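Open the structure in your viewer and keep the selection tool at hand. The stops below say what to select next and what is there.

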Amino acid sequence: MAEYKLLLPSMGEGVMEATIITWLYNEGDTVNEDDSVVEIATDKVDSDVPTPVSGKIVKILKQKDEVAKVGEAIAILEVAGEGNADITAEAPAAAQTTSIEPEVENELMQPIAAQTVATDSLSGTDLYLSPLVKSIAQQENITEAELKSIKGSGLEGRITKEDILAYLSNRGNAATTSTTTPVAAKSAPVSTPTSTIPVAAGDEIVPMDRMRKIIAENMVKAKQIAPHVTSFIETDVTNVVKWRNKHKSAFEKREGEKLTFMPIFIKAVVKAIQDFPLINVSVDGDKIIKKKNINIGMATALPDGNLIVPVIKNADQLSLSGLAKAINDLAYRARNKKLRPEDTQGATYTISNVGSFGNLMGTPIIPQPQVAILAVGAIVKKPAVLETPDGDVIAIRNLMFMSHSYDHRVVDGSLGGMFLKHVHDYLQNWDLNTEI
């Protein structure tokens, strides 16, 4: 028999480490090739790590809540082979699947960026903290002095998630210890954080999970960074509805996938970005970075109630059929925790489908570092006035509100409004002979 070292695989550019969430097998268990053996978390996504070989897990090297570097061994497997050769190889990325669930349209929701953008205020500490523990410490404003007072139960005395959560549960009742001189303590007493929200009998307190804390932090920062302005427009999408109804059955038979409205919306947005490239930018201090690629983010609901924004890369180079396949694939993998970190990176513009809730319109928050986001509302049949050669008539049409939020630091009302009008025009004048 030979030993095989299971290494933490590469998870995309800029991702150098991950936290172990849970092992799906124990030491002594037998695993088969491509079995997912451990769940890991980065600042971007949660994912599984499969094993590229079959064998028995003889040693788990990284325990729950411990951090592992990319390329570092996380377990040792006993595999078939002669001698005691030490075989080392990197685990493959999470396996992809091409099967698609029935409806994707209802899974596209108001986007909330799931990237961590906070400056690591604890980066200078000599404490060894996993990304998960460090994130909790930053969210709860735990000082380095407080961290050093926590007795860790992890390997070599490291602080685990359970340790820091236990500390937080007792924090409000613990006496505050000042680390300054008595004079300083009298002039600036340290106050213990207390809840300002009254809790009545029967109320339930539910701690935020890791992703929800990241979402909350990023939404607050997004509003603090960018002055938001929102423009609205109502669009007649009757031609879009007719075209989709005409092609959706044939498309599903041919491709085995659903044809939703989202590929059409993205196609119109891409055309408008090409008309107004200053929408496809980021702000870095007093510099504007014009993006060459058009990468469209779309929001997807996760089974745990959180949201994530996978990204369609180079959307301008995809046909309607290609966009439909990319949307379905990303939505499926997001719901089944199969996204790779790079799948959520690099968006230059985002679309939010608030209409999937039956909402008419919304005012979405701009995910940083983008400068604009479009929300599309529910498509509703309404009476509308149409101009004809014989005069104005009232007819039943399919109407939809769109709302465009933009960063007023670089996008003025004229640019934001004209961009929205162009999206409107592309959808309202959709060619019924468009090929799919």
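**A buried tryptophan**

Select Trp 430: this residue is buried, with a relative accessible area of 6% (buried means under 20% relative accessible area, exposed over 50%, partly exposed in between, with a 1.4 Å probe and protein chains only). The model is predicted, so local features need pLDDT of at least 70 and side-chain atom pairs count only at pLDDT 80 or more, while totals for chains, interfaces and linings use all residues. Residues are numbered from 1 along each chain as its sequence is written, and side-chain values use heavy atoms, with hydrogens and water left out.

**Aromatic pairs**

Searching the whole structure gives three aromatic pairs. Rings of Phe, Tyr and Trp (its six-membered ring) pair if their centres lie within 6.5 Å; planes under 30 degrees apart count as stacked, over 60 as edge-to-face and the rest as tilted.

Trp 243 and Trp 430 make an edge-to-face pair, 5.7 Å centre to centre with 75° between the planes. The two are 187 residues apart: Trp 243 lies in helix α6 (residues 238-255) and Trp 430 in the segment after α9 (413-428). Helices (H or I, at least four residues) and strands (E, at least two) are DSSP runs, numbered from the N terminus. Trp 243 is also buried, at a relative accessible area of 1%.

Now select Phe 261 and Phe 265. Is this pair stacked or edge-to-face? The ring centres are 6.2 Å apart and the planes are at 15°, so the pair is stacked. Phe 261 has a relative accessible area of 14% and is buried; Phe 265 is buried too, at 4%.

**The cores**

Which residues have the most contacts inside the largest nonpolar core? They are Ile 266, Ile 296, Tyr 349 and Leu 427, in a core of 57 residues. Helix α7 (residues 262-275) gives the most to this core, with nine residues. A nonpolar core is a set of buried Ala, Val, Leu, Ile, Met, Phe, Trp, Tyr and Cys residues joined through side-chain atoms within 4.5 Å. A second, separate core has 21 residues, including Leu 6, Val 15, Val 49 and Ala 68.

**Helix α9**

Select Leu 427 and its surroundings. Leaving out residues up to four places away in sequence, Leu 427 touches several residues, among them Val 237, Val 240, Ile 264 and Met 402 (contact means heavy atoms within 4.5 Å).

Leu 427 is one of the buried residues of α9, which include Leu 415, Phe 419, Leu 420 and Val 423. An α-helix has 3.6 residues a turn, so residues three or four places apart point the same way. The elements covering the buried residues of α9 include β10 (228-236), α6, α7 and β20 (391-407).

Colour the chain by pLDDT (the predictor's confidence in each residue, from 0 to 100). The mean for the protein chain is 82, and 81% of its residues reach 70 or more. Over residues 94-121 the pLDDT is below 50. Residues 175-194 also stay under 50, and the model has nine contacts for them beyond four places in sequence.
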